[in-house]
Structures are given as structure tokens and as C-alpha cells.
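Me: I'd like to learn how to read a few local features in a model like this one. Can we go through them one at a time?

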Amino acid sequence: MDEPRQVLLLLLHRPAWAHASMWSKGTVLFMHQGLVDRSQLYWLWLLYIRHYRCSSSPELNSMSASSLMRGEEDMQRRLVVKLMRGEEDMQRRLVVKLLGLSLLLSLATNGGGVQAQPLVPAMILFGDSTIDVGNNNYLPGAVFKANYAPYGDNFRRHRATGRFSDGKIVSDITAESLGFVSYAPPYLSPLASGKNLLAGANFGSAASSYADDTAAMYDAITLSQQLKYYKEYQTKLAAVAGRRKARSILADALYVVSTGTGDFLQNYYHNASLSARYDVPRYCDLLVGIFSGFAAELYRLGARRIGVTSMPPLGCLPAAIRLYGKGRPSCVRRLNGDAATFNRKLNATVEALARRHADLKIAIFDIYTPLLALSEAPAAQGFSEARKTCCRTGDKATRVYLCNPGATKGPGMCRNASSYVYFDGVHPSEAANAFIAESMTSAGISLIF
């Protein structure tokens, strides 16, 4: 019996391997030991899902093990992506996506246990505080910064870096899943120079938004300015790597756009003039139109893999509940409805962009669904608190959005951030970010393969 079949028997006959998290770790181990290669991993993945009925897919469940093993890699890959996108049952979908994450982790390592090349050459990121890794630290007038404790308490060296969480944000976890050993540097920092540019760049700025007017209110880097910085980055990259290699890096890189929350919470909901000119559907049309133009310009500049995050469940963010919940400790249904309206329009726009450009891979990273699940039923995923924030918020400088400076001990800080869904008024904890990142695996696979 050949080695892959031995591996399969091990997977199917040891009860512990029925747990997805164990299998996720096991596939990496098998790759390290040289027991499976890239092509064999596809059918091991599919056979595992079929054996334990993790998926309700009739196509998969009707196929014999031998037919899966004999299948071409393209067929196996197509079925993987289909399963990741199509599963409707929530529990099954989470298991399938966790297994998909293990697929990415395994493909990002080689048979000798040495870190291989990442699945994409670079990550290039645009957006707001959900993706800012320190750019606002270099903006003297920026209203929102995360350059003080307790931010970064669970990050490297327990230091605040500008990330709006206790530890890693979603893009950090995504980078690790893709095989990167370091993160794309904040573009305004001295780190964004020389060979560091080969791994990409992060242009995110807290309080940036689709609408430049929103970002300007808080002295953030507008989305328009982020695009200008990206063009500048292209020139710098060509100087470091050479024009030919730079074009290849830019074409194969993963581009992520993550913004929009501020357009509602920090502008529309308390801007009487704006809300009088636009009802919610028309405002969503305005914002989605800005994204469409932004994505089209990225495509013109060479981008071919673009992921955009959905709007989160606005009404479940602790700051939104405090501001608009009328004293009730539950998600504000109206605000979640606004987010859902935006997401429907964003989905239609992404589909239109995909039809317009045959060589463009574009997908939505759905953060609405997993964050809503965490917010409404935290205990189901091992969290204890989804209404209160881990750190105390609400002084004059931070308003209701950010941690109060010095909120590091006692009543100003929770004991265990990993048991809280939200670290501050709008940003998830690292533990919640990990859950969100896992749920985005299917979209990631569709962009990469």
C-alpha cells in the first residue's frame, strides 16, 4: 500500500482525527514528513469530508473514493472551491472552512518542513482601522490611533503597534495562512523600504472610509490618497525588484480592501445634512460606486486578485449599541439592516466586475455572518461576552470607540481578552479575529486557485 493510502487509513480509523482542528494540524505534519504532496492533499481533503459527512453536497457524497483518487487535480480543486462556497448548514460550513484553512496551511509548506514560498508573492492592503497596522502613528493630526496600551497586549513583545486589537488582526492571520513569515509594513513607516517592499505594503488608516469626506473629518488617509501611495509604491517596487519582476509581483499579489464602517458610524448616522440628501439605499449605492471605481483602477494598474470585506453587523458593535440602542443591550436591528443592504449591493457590484474582466479574480470576504454569529451567540464559539468590551471606552479623547489610555489594570481592563468578542467599541479581539479569518477561507481559496 502506498504512503498516501496509509495516511488516509490513519485519518479514517483514529477517532481523534474526526475533529477538524486535529486534522488541520495533521495535514501540516504529513506535508512536513513528506507523506503527501500538493496533488494528493486535494483528494485527502475531499475524502475526509466525504467520510465524515462534513458536507451535504450530493456531488461529493455520490462519488466513490477511487473516483476521487483518480480525478484530475483541476477537478479536485474545482470541487474544493464549490464545497467551500456552497454549504448552507452553519456547523458543516464552519468545519469545511476550517479544513480549507488547513489546505492553505499545508500548501504553504513544503515536504521538508522548511517554509516554502507564500501562496501569493505579496499582500497589498487598503482600508480603515480594521487593516491599519500603524500608519496613523505617523499622522500627527489623526484622531484615532492605537499606539498606546492596552492595544497590543497579546501581540509580539506585548507592545502597541497601531493595530486596533489586543493582538493580531484578520489580515495578520490571513498572511500567516498564506505562508508569510512577516507582515506587509505600514507604508508610512521606515520599514516600508528596500526588500521589505517585496512582500507588499499596507496603506490602511484608521477612520478612512469609502467617502473621502468621512476620512478627512478625522485626518485619516483617504482612499484616494491610499491609491496615490500605491502608485508610488509601484515605482519603488520596480526600483528594488526590476520592472519585470515587479509586474509579476503586482499581478499575482492579493489585494484587500477593508473599509466602510466609518461611513455610517462616524458620518451618516450623525450627519443630518448627509442623511437628508441620501436615504440608506442611495447612500449604499454611492459607497459601492466608489468601491467599483477603486477596484477598476486597481485592475487598470495590474491587480488581478482582489478581496473586499463586507460591512460588519453595524448594530452589534458595542459602540453602536451604546449610541443607538436606546438602552437595550441587544443588536440594533435597523443598523444591521443597513449593513445587509450595503452587502447586497456590494455583492452585485463584485459579480458585475467579475463579468466585465475575465482575468480578474474578485471575491467578498464575508465578515458580517461570522461576527453576527459571535455577537448573538458567543458561548457557542467559546466566548463569554459579546456586549461589553474588554477595555473600558468612552472618555473625551476616545469617545465610545476606542480603549481609554491607561486602561490596563483593574476595572479598566478585562482579565482575559480571548473570552471577549470585542476588544474595544468597534474592533474584535484577536480570538474573534481568528474565528473571522477562518470563516473567510473559502473566498481566499477562490482568489488563489
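Me: Let's start with accessibility. Is alanine 207 buried or exposed?

Reply: This is a predicted model, so take what follows as computed from it. The cut-off for buried is under 20% relative accessible area. Alanine 207 comes in at 5%, so it counts as buried. You'll find alanine 207 in the loop between strand E2 (200-202) and helix H9 (212-217), and its phi is positive, about 80°, although it is not a glycine.

Me: Which other non-glycine residue has a positive phi?

Reply: Lysine 326, at about 55°. Lysine 326 sits in the loop between helix H15 (318-324) and helix H16 (333-356). Exposed means over 50%, and lysine 326 is exposed because its relative accessible area is 73%.

Me: What caps the N-terminal end of H14?

Reply: Look for a side chain reaching a backbone nitrogen. Here aspartate 279 does the capping, with a side-chain oxygen 2.9 Å from the backbone nitrogen of arginine 282. Just after H14, glycine 302 has a positive phi of about 120°.

Me: Which residues of H14 are buried?

Reply: Among them are Val280, Tyr283, Leu287, Phe291, Phe294 and Leu298.

Me: How many aromatic pairs does the structure hold?

Reply: There are 24. To read one, take the distance between ring centres and the angle between planes. Tyrosine 210 and phenylalanine 291 are 6.4 Å centre to centre with 75° between the planes, an edge-to-face pair. That pair links distant parts of the chain, 81 residues apart: tyrosine 210 is in the loop between E2 and H9, and phenylalanine 291 is in helix H14. Tyrosine 210, at 1% relative accessibility, counts as buried, and phenylalanine 291 is buried at 0%.

Me: Why is the pair of phenylalanine 264 and tyrosine 283 called edge-to-face?

Reply: Planes over 60 degrees apart count as edge-to-face. The planes of phenylalanine 264 and tyrosine 283 are at 85°, with ring centres 5.4 Å apart, so this pair is edge-to-face. Phenylalanine 264 belongs to helix H12 (residues 261-265) and tyrosine 283 to H14; both are buried.

Me: Which residue lies over the face of tyrosine 299?

Reply: Arginine 304, at 3.8 Å from the ring centre. Likewise, the charged end of arginine 334 sits over the ring of tyrosine 269, 5.6 Å from its centre.

Technical notes: Residues numbered from 1 in each chain as written. Predicted model: local features only at pLDDT ≥ 70, side-chain atom pairs only at ≥ 80, totals over all residues. Heavy atoms only, no water. Buried < 20%, exposed > 50% of the residue type's maximum accessible area, 1.4 Å probe, protein only. Helix = DSSP H or I, 4+ residues; strand = E, 2+ residues; numbered from the N terminus. Polar contact = N/O pair within 3.5 Å; in protein donor to acceptor, adjacent residues only side chain to side chain. Phe/Tyr/Trp six-rings, centres within 6.5 Å; stacked < 30°, edge-to-face > 60°. Lys NZ or Arg CZ within 6 Å of the ring centre and 35° of its normal.
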